[in-house]
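Please look through the model shown here with attention to how side chains meet one another. The paragraphs below take one kind of contact at a time.

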Amino acid sequence: MKRYGMHIDIDRCNGCGSCMVACAVENNIPPVAGADDRKGITPIRVYQIDNGEEYPNRRTAFIPMLCQQCGNETPCAHVCPQQAVDVDPETGIVGQMAERCLGCRYCMAACPYHARYFNWWDPKWPAGMEAALNPDVAPRQRGVVEKCNFCHGRRHAAMEKAAAAGKKEIDPADYIPACAEACPSGAIRFVDLNAQAAPAESFRLLERLDTDPKIYYRSKKDWVKRNG
Amino acid sequence: MTTRRTAVKFIAGAGVGALFTPAPWRLIRDTALWSENWPGIPRPKRGPISAKTTVCTLCPAGCAVRARCVGDQPVAMAGVNGGLCPLCVIGHHLPYYPKRVKQGAPEEARAAVAKADSTKRLAVLDLRPGRTASALYRKAMKEQNGLYLAPPQPGALVNLAAAKSVLSVGAPLFEGWLPPAEVFAVRDRFRLVQIEPEFSRTAAMADEWLPSGDVAALARRLEGPVLVVDRTMSSAIVALNKELGGWGKTVQAAPEFGADDLASVPDGAIGVLYIDESNPGEYIPWPEIERKLASGAVTVAFAWSPDGYARHAKFVLPTAVFPEALDDVDGRVTTPLMKAPEGVVDPVEFIAKASLADALKEIKPKEDSGWRLPYLGVFDATPSPLSTKLYQESNLLVAPRQLAVVSGAELADKVVRA
């Protein structure tokens, strides 16, 4: 039994955006000219926060924000009328099935982390670029909700590889989500929480809601922890 | 007998009854499924999955890249030694970039160059010196009494792994100044103090940020070995490192590329200027270049993006760039992962065709050597004594970086010849 999650070291994140770009590439998210903060699809989004003070005492930090993969009373799964959201009991991953989704957006309203995005556009790429799409992830039509699913395509590929080798368990090196793989500073680490305990000084966002999120953030800075 | 009342009762009853059957729910689900499978939705190409390795040349960091390919088409990029910057992560999308320079007029450019004022000098601006192409440019300019220009290069190479404290004077240490994977692999071994008026991304990750300060005094107070860096590794900073005992440890000599000094070129002396932007690097501000150009000078930029020197050049010719271009960086081969768009112009062919032909006659590599030939040089990820000799003979010896990136075995299945 796995319990996949992430350890994110905020002190190591410089907000370069590699994780966001890698996520878009991995999940075949098309470039859309009209996308903005509200309508763009960014299953992982890097937020910038500051300590509220003036120069030269001002300090900023970057928080990569993605689906927190709630393990307890998962809010989005509870409200979905189509059972398009499921929580995999074997991994704890909260999945999203675009084929079932009706686009009612109840899940978006229920998500306390605003980590779900409605797809407002048909998938279109510049001429010829369809050839560069990731074959493991199907492009989604407009009118569905999208979110991070810890790169399910990569997990399936790892499972297939393990099955071909006659193994039941996948090799951890074969399954790393795109954001964690791309992060140049090593701030994002994908882990099995059952095997690796949360690091010291770590915290989870909106922990008081008791949804058991599986993304652990870490910072040595007090003001970051307070804001988190 | 059927009355209006019985018909209404039947329809209403059927409506209510249907709610207790799976039919409406199936309809809704099937509608959702159908709408996700319209023929207009692009279908990702399928095929055998393979991996290819190369070196990114989109910035001077030169990260080693492993591309996941479907057939011959790269569909994802990952770092060999760690993560990648956002630009490299989408490197395989650059051929489809809507603003990509795809058309030019090479014959018109040639004609304009032929008509240019012959009393003025010819010049090449090479944004990334140290390549085989750079050697050819130097050779061609020497033969034609031209100028070989390059942006200012770092005054020394740095070794972060040898330092316990790093004092950075505005160097963007964590923003592509060095290969990210190389920097972050040793990040926990040194304490970083960033002196910079702006709270940059590097400053955000530093252990201490100071808007200003006395560099020399601060460096002497830090725990040694101390490495002091600035953006260009200026002579003053190199001297301070020497004073702190870091020469040969935290800093070492940078390779010389034999570029002419732009500042010493008289104003208005250049009649034809070629700019090779196929390997982006540091840029010289355009006003500094512009004043050296003669009136009516012909400027030809070999560019892939319209946002660089292409904004100022009279002729903009499309050129191949990572991951389509075959080139070399710091003695490492960057093998093309995909075919370049139709119509791209090879800047070496354009600028130094005669020199290229001469050089190819001079150096004849053995067929069984397993080496690759981008233009004329012989390249190997781990240079052997013979390849080093050839490097030296062709004036191409460049101190290879300590970061081993692509092994000979990895290159073995990527035979690429010019």
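Predicted model: local features only at pLDDT ≥ 70, side-chain atom pairs only at ≥ 80, totals over all residues.

Residues are numbered from 1 along each chain as its sequence is written, chains are lettered from A and ligands numbered from 1 in the order in which they are written, and side-chain values use heavy atoms, with hydrogens and water left out.

A pair of aromatic rings is described by the distance of the centres and the angle of the planes. Here rings of Phe, Tyr and Trp (its six-membered ring) pair if their centres lie within 6.5 Å, and planes under 30 degrees apart count as stacked, over 60 as edge-to-face and the rest as tilted. Over all chains, the count by this rule comes to 14 aromatic pairs. One of them is the edge-to-face pair of Y55(A) and W209(B), with 6.0 Å centre to centre and 65° between the planes. This pair crosses between chains, from Y55(A) in the loop between strand 2 (44–50) and strand 3 (60–66) of chain A to W209(B) in strand 9 (residues 208–210) of chain B; helices (H or I, at least four residues) and strands (E, at least two) are DSSP runs, numbered from the N terminus.

Are these two residues buried or exposed? Buried means under 20% relative accessible area, exposed over 50%, and partly exposed in between (1.4 Å probe, protein chains only). Y55(A) is exposed because its relative accessible area is 52%, whereas W209(B), at 6%, is buried. W209(B) also forms an edge-to-face pair with F199(B), at 4.9 Å centre to centre and 75° between the planes. F199(B) lies in the loop between strand 8 (191–195) and helix 8 (201–205) of chain B and W209(B) in strand 9 of chain B, so this pair ties together parts that are ten residues apart in sequence. Like W209(B), F199(B) is buried.

T60(A) is buried, since its relative accessible area is 11%. Leaving aside residues up to four places away in sequence, T60(A) touches Q48(A), I49(A), D50(A), W223(A), F199(B) and A204(B), where contact means heavy atoms within 4.5 Å.

Side chains of opposite charge can pair when their charged atoms come close. A salt bridge is taken as a side-chain nitrogen of Lys or Arg within 4 Å of a carboxyl oxygen of Asp or Glu, and a search of the whole structure finds 27 of them over all chains. Among them is the bridge between D136(A) and R68(B), at 2.7 Å from N to O. D136(A) lies in the loop between strand 6 (117–118) and strand 7 (145–146) of chain A and R68(B) in strand 2 (residues 64–70) of chain B, so this pair joins two chains. D136(A) is partly exposed, with a relative accessible area of 27%, and R68(B) is partly exposed, with 25%.

Within chain B, the side chains of R191(B) and E208(B) meet in a salt bridge of 3.0 Å, N to O. This pair links distant parts of the chain, with R191(B) in strand 8 and E208(B) in strand 9, 17 residues apart. R191(B) counts as partly exposed because its relative accessibility is 37%, and E208(B) counts as partly exposed at 31%.
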